[in-house]
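Subject: Structure for your reading, with notes

Dear colleague,

Please find the structure below, handed over for your study. My notes on what was found in it follow directly after.

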Amino acid sequence: MKKGEAFLGIIFVSFSALFGALGYGLYQSGRSSVGASQWPIIVCTIIFFGSIVVIVNAFRVKESKSNLQLSHEEKRVFISIFLLIMYFISVVFIGFFVSSLAMLYTFIYYFGKFKWYVNFVFSLAITSITYFVFSYLLKVSFQFGVLF
Amino acid sequence: MIIDALLLALQPSVLLYMFLGVAGGIFIGCLPGLTTTMGVALVLPITFGMDAAHSILLLIGVYVGAVYGGSISAILLNTPGTPASAATAIDGHAMAARGEAGRALGISTISSFLGGIISCFFLILISPYLAEFALQFSAPEFFMLAVFGLCIISSISGRSVLIGFLCGAFGVLIATIGIDDISGVARFTFGNINLFSGVNFIPVMIGLFAMSQAFVAVEEMTKEGRLEAKKVTRVLPLKEDWRMIFKNSSIFGTLGTFIGSIPGVGADIASFIAYGQSKSLSKESEKYGTGVTDAISAPESANNGVTGGALIPMLTLGVPGDAVAAIMIGALTVQGLQPGPLLFQNNTEVVYAIFIGLLVANVFMLCIGLSSVRLFTRVLIVPKSVLTPIIFLLCFVGSYSLANNFFDVIVMFIFGVFGYFLKKIEVSPSPIILGLILGPMAESNFRRALLMSRGEYDTFFSTGISWFFFILILISIFFPLLKKVISKLKSAN
Amino acid sequence: MKNKIKSLLISSLVITSATMSYAANNYPENAVRIIVPYSAGGGSDSVSRALAEALKPKFPEGIAVENRTGGAGSVGMSYGMHAKPNGETITMVAPELVMLPHSGNGGDIDYKKFKHLAIVNSGYAAITVPADSPYQTLDSLLNDAKDKNLLFGNSGTGSIWHIAGVGMEKAAEVEFTHIPFKGSSAAITSLLGKHLDAVSVSYAEVASQVDAGLLRTLAVLAPHRLIDAPNIPTAKELGYDVAIGTWRGYSVPLETPDYIVNYLTDAILEAAESDEFKTFMAVSNNDIDIIGPEEFEKKVQREDTFYAELISGL
């Protein structure tokens, strides 16, 4: 079986079931002949049955290798995802500049092989340029957290 | 009159502003999350202190630059800078991955230029007629156009049409979140105020393309830090590309102008339609997605074709052709000018200055584009261990700065992880974007049409334009099948 | 001993009031931002930017506009409502503040959680038809509406211009088919293409087409004739008691100290009278309409009950 496609099918099936159920409770028509609920319900129905076909197809195909183990590379991606979540939380509570500096330093340290000061200079330069361009030229406000 | 306009548009300071505008536009267009509309809106306050010619031509410069700029990051990093270049990324990045980044950028630059110039001529020569044509579009026609656009899913879904179709439907479903345009009912908002206006498709796009691409880069990262940087040898299209570029630009530049002239339909839709049509016209359609030159040239000439088209309703009727034109109308009103038919009567020199300015902006775009292709491709030499964290940072900043809302960052991140998963199982994320763009257009116009016809379904077949699109829809569904049958028959013989 | 405590208390009071008055002199200590709940480039945005420009002399540390869009304005207004009450975040508010909660689409926004400073601008709905439409007067349009179910375009269900259309039909005791569009300009475009019978969006938005002879405004739903269009009658003159319009005001969170509120109110009222703001408003087709804090507060309360009634009847 193709695990990935089956998984995608399951995501779609549950998603369309949830939205379909919610959509059923929506206000039906009003003055117009087609109300707010019909369209999402139609789309949900299509996704629901289409995804079941995908799941069935995925189970029919025989795939020899079935390794549940994450590869070394995939583990790195998951660690990155986790680090990014930490980064987003830290931006909100600590501040944009400090968190971005720390995030860049950590990732460059993790991915690359530079001397620590080279690493630091890279991080500082990138953060400063981004902060300058967005905050001063493009007037985006980075008012988060306690530090700046 | 023309001399007045020339004097107005070709003042050294106006030229300088336009040059800076195009350069700034390219920069904004490159960055994921900073859309064309946002770029123009950011420049708007600066123009308040200028006179009319400076102000409007600076904005046009930014517009033209930003629409083109999106393709640079799309090709080099598989990260479309603006939604209008999402279609370019499909084959553009495949070419760059083959080591032909320079050639791809060259094709995109020249196609964008030609598309822009063609739209300029349409704008100058037949804009009143095009405006008349655009006004024929009412809800049923918009619905048909949206459905026609959705048919392109089969061209961009990659490996499996069924999964591509489901992804498109998923995008349509996501787009129903938020307050419904027609009934005013909140759908699927779970009481969250951030969902009232729906899921913004820009963060979704950044997540699905840029963030997921960065995760793939993390996976491919070698500890050595530096991937073998492919040397960029050429910055111009090959000799054999030129014929193809001219052909595509004339067809899809025209298409882009027509689509752009229809109010409410913008560069993103035009480029997807161009991609889909180019594929169905092509003799080697099965190669699309692997780095075909036509697949860069077609969407790029179409999206720059929109630039001239979008100005048509603004200049002839005083209504915006797209969100950017809406900002330009604001800029003109601040100058004390009324966009619309009166502008032709009272301020003819400004109208001609806009025509000339659009031509000049396209020339600037060509010059800046071609002269800095080498510079852009330097980005590929940056070690991935540094580039990937930068992309993480830009994804965050880009999605945040759209509305200064952290919620958009969360949306971006969720779709980033989802996009990575799709990449792992080799499913293309483009149909989701197409569904998000066209879903609301299809739904609201379907229901609006029924409201306007008071519930009569034959409204969808009441005009020539609807029939035209209906036939196009049938062709785009059955033509690929027909082609398969014919080629089977041929091979059987 | 008692005296000592008393004097200590008094002196501490004196010190706190001194620091308070010191703080009063010290406001604005930091940069101030105006939250605009609508997107950059629109009417609300450009009016706020022009006002910010006129306010600059009073805010040496800077004053900037920040767009926080979404939910027909509820996202930005909610953000401004929950901002720290230190005068560093001003929120632009519009009738949506008192309209959205009644349709259940307002999230947690509540006009009572704001201290309202001043209104600087208002605009009224106009009943507009294509230039070659058979309807020359509002009466002929409304007469036909009795048996013909006319198509009335607006800028979205629950939006102010939809409410204006509803107000019109209530006043004339007829029924229209309301066709919602995403924004006024889409409705105007459809009207230009003659797919609709009339629209009920603001006069400022149709002014350029009316001047060009493409559209014709039959009446404005305003309490008085508009300065820009002195020839167009108001609905009231024609015998229909309806006046619905939008306004743009500025508010701060409820807990903001009085000295800051006073400083800001004075600054805004003064800026709205400045020449540069006046010129901007004149060229951009916006009518200046200055309303001070007390009248603003009353207006918001009045409109809250008005919209509660109108929207619940939809």
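A residue is called buried when its relative accessible area is under 20%, exposed when that value is over 50%, and partly exposed in between. Please keep in mind throughout that this is a predicted model.

**An enclosed helix in chain C**

With that cut-off in hand, helix α3 of chain C, residues 74-81, can be described. Seven of its eight residues are buried, so the rest of the structure largely encloses this helix. The buried residues are C:Ser74, C:Val75, C:Gly76, C:Met77, C:Ser78, C:Gly80 and C:Met81. Which elements cover them? Among the elements of chain C that do so are the strands β1 (32-36), β3 (89-93), β4 (114-124) and β10 (245-253), together with α4 (96-103).

C:Asn67 belongs to strand β2 of chain C, which covers residues 63-67. C:Asn67 counts as buried because its relative accessible area is 13%, and the cut-off is under 20%. Its side chain makes a polar contact of 2.9 Å with the side chain of C:Asp45, and another of 3.1 Å with the side chain of C:Arg49. Residues up to four places away in sequence aside, C:Asn67 touches B:Ala403 and B:Asn404 from chain B. Within chain C, its contacts are C:Val36, C:Tyr38, C:Ser39, C:Ala40, C:Asp45 and C:Arg49.

B:Gly184 sits in the loop that runs between β1 (178-179) and β2 of chain B. Is B:Gly184 buried or exposed? It is buried, at a relative accessible area of 13%. Apart from neighbours within four places in sequence, B:Gly184 is in contact with B:Ile179 of chain B, and with C:Asn105 and C:Thr157 of chain C.

**How chains A and B meet**

The contact between these two chains takes 67 residues from chain B and 63 residues from chain A. About 5500 Å² of area is buried between them, and carbon and sulfur atoms give 84% of that area. How many salt bridges are there between chain B and chain A? The count is one. It pairs the side chains of A:Glu74 and B:Lys424, with N and O 2.7 Å apart. Polar contacts between chain B and chain A come to four residue pairs, both residues being at pLDDT 80 or more.

On the side of chain B that touches chain A, several elements each supply at least two residues: α9 (161-175), β2 (186-187), α10 (201-220), α18 (384-401), α19 (406-424) and α20 (430-452). Of these, α18(B) gives the most, with 12 residues. Sorted by class, this side of chain B has 49 nonpolar, nine polar and nine charged residues.

**Annotated regions of chain A**

An unreviewed UniProt entry lists residues 7-27, 39-59, 80-110 and 116-138 of chain A as "transmembrane region". Over residues 80-110 the chain is 94% helix and 0% strand, with the end C-alpha atoms 9 Å apart. Over residues 116-138 the chain is 96% helix and 0% strand, and there the end C-alpha atoms are 31 Å apart.

**Salt bridges**

Side chains of opposite charge can pair when their charged atoms come close. Over all chains, the count comes to 24 salt bridges.

One of them joins C:Asp132 and C:Lys194, whose closest N and O atoms are 3.8 Å apart. This pair links distant parts of the chain, since its residues are 62 residues apart. C:Asp132 is in the loop between β5 (126-130) and α5 (138-148) of chain C, while C:Lys194 is in the loop between α7 (184-192) and β8 (198-199) of that chain. Both C:Asp132 and C:Lys194 are exposed.

Another salt bridge joins the side chains of C:Lys278 and C:Glu273, at 3.9 Å from N to O. C:Lys278 is partly exposed, with a relative accessible area of 39%, and C:Glu273 is partly exposed at 46%.

C:Arg302 pairs with C:Glu295, the closest N and O atoms being 3.8 Å apart. Here C:Arg302 is partly exposed at 47% relative accessibility, and C:Glu295 is partly exposed at 36%. In chain B, salt bridges that share partners join B:Arg98, B:Glu100, B:Arg103 and B:Asp241 into one network.

With kind regards

Definitions and conventions
Residues numbered from 1 in each chain as written. Chains lettered and ligands numbered in written order. Predicted model: local features only at pLDDT ≥ 70, side-chain atom pairs only at ≥ 80, totals over all residues. Heavy atoms only, no water. UniProt positions renumbered as here; feature names shortened; annotations may be inferred. Helix = DSSP H or I, 4+ residues; strand = E, 2+ residues; numbered from the N terminus. Contact = heavy atoms within 4.5 Å. Buried area = accessible area lost by both parts, 1.4 Å probe. Salt bridge = Lys/Arg side-chain N within 4 Å of Asp/Glu carboxyl O. Polar contact = N/O pair within 3.5 Å; in protein donor to acceptor, adjacent residues only side chain to side chain. Nonpolar A, V, L, I, M, F, W, Y, C, P; charged D, E, K, R; others polar. Buried < 20%, exposed > 50% of the residue type's maximum accessible area, 1.4 Å probe, protein only.
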